[in-house]
Amino acid sequence: MKVVNIASAKKSNSLVDAPMPELKEGDVLVKIHAVGVNHVDLLWADQKVKPDDTILGLEMAGEVIDGNNTKYNKGNRVMGLIDNGGYAEYIAVSASRLMPIPDNIDYKKAATIPESFLTAYQTLFTIGKLQDNQTVLIHAGASGVGTAAIQLVKQLTKATVITTSSTKKTDICLEYGADYAIDYRNSDFAEEVQRITDGHGADLILDFIGASYYQQNIQSVALDGQVILIGNLGGSEIKNINIMDIIGKRITITGTLLSSRSNDYKAQLISDFNNDVYDLLADDKIKLYVSNEFYLSESEQALTCMREKQNTGKIILNVK
């Protein structure tokens, strides 16, 4: 079968040959039709934090062609949260890491769901414990995870959503259901959050940016509020921290990375997500948007698209 690994992802002809996956007890063999591209893929490819033979890809959608004592049968359409291996024609994956694709969703849109929506769901509810009538601040609101988070908040709670994004992407956040969209380039988002909430602040902040937003997050968060760090697009090292800012407001700062979680954790998260969100997907109450499409052989271009922030939503790879 053809695959893309870290070493080949930087070459114009990125496909290499690999043996077909072998099934273990409880595994399903899936013929992949589409793959979601994520920032972790970019991190692996650019910084080589994984061995060169690692196959990129944390989420995929495809068709079951073989199973091994699982609930999935040949021909079933599935989408999956995987540890790696999505940039390929086939994958062997535990049945516990799969979800059925609703009939109204095609493979391309299904490939946008597992990593982005499960990350958003985990951050908002498993960790963030978001409640009705609270306020959540979502940075990078027009990103794949950002747009997923906006929709999950509005569909599952009565909370208020504030987002930050660049000037040209504020309308996108509003289209997905954000109550307020702040243009971080022309406004101080901490001041805007305090104004919008009448001085209360955001009860929960989802932050993909990191160091460069730290002080404004501290100013934005409410008393007893929580800041969840999901990424470090704005740097990792923070200077001149005054811990009394944290102690005085009783702030909880949490870091999370879904890709490194245990199999049991991911299986439970998938089960919870299915219970809460599957019907919303099946009833077309969740918008799924593919921003940019490439073929599997064009993985280098897809990663460049993400690196240069050319997308306004999910990037996918189509697998012939």
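How much accessible surface does the protein have, and what share of that surface belongs to carbon and sulfur atoms? In this predicted model, the accessible surface comes to about 14,300 Å². Carbon and sulfur atoms account for 45% of that area.

The overall dimensions were examined next. The C-alpha trace spans about 55 × 40 × 35 Å along its principal axes. The radius of gyration of the protein is 20 Å. A compact globule of 320 residues would have a value near 20 Å, so the two agree. Of the 320 residues, 52% count as buried.

The protein contains ten helices and 15 strands. Contacts between residues at least 6 apart in sequence were also sorted by separation. Of these contacts, 68% join residues at least 24 apart.

Helix α3 covers residues 114–127, and helix α9 covers residues 263–282. The two helices pack at an angle of about 90°. Their axes lie 10 Å apart. Angles of 65 to 115 degrees count as roughly perpendicular, and α3 and α9 are therefore roughly perpendicular to each other. On the α3 side, the contact is made by F117, L118, Y121, Q122, T126 and I127. On the α9 side, Y265, L269, I270, D272, F273, D276 and V277 take part. By residue class, the contact of α3 with α9 divides into nine nonpolar, two polar and two charged residues.

Conventions:
Residues numbered from 1 in each chain as written. Predicted model: local features only at pLDDT ≥ 70, side-chain atom pairs only at ≥ 80, totals over all residues. Heavy atoms only, no water. Axes fitted to C-alpha atoms, helices over the stretch in contact; angles between N-to-C directions. Helix = DSSP H or I, 4+ residues; strand = E, 2+ residues; numbered from the N terminus. Parallel < 35°, antiparallel > 145°, perpendicular 65-115°, else oblique. Contact = heavy atoms within 4.5 Å. Nonpolar A, V, L, I, M, F, W, Y, C, P; charged D, E, K, R; others polar. Rg over C-alpha atoms; globule rule 2.2 N^0.38 Å. Buried < 20%, exposed > 50% of the residue type's maximum accessible area, 1.4 Å probe, protein only. Areas by Shrake-Rupley, 256 points an atom, 1.4 Å probe, with all protein chains shown as cover.
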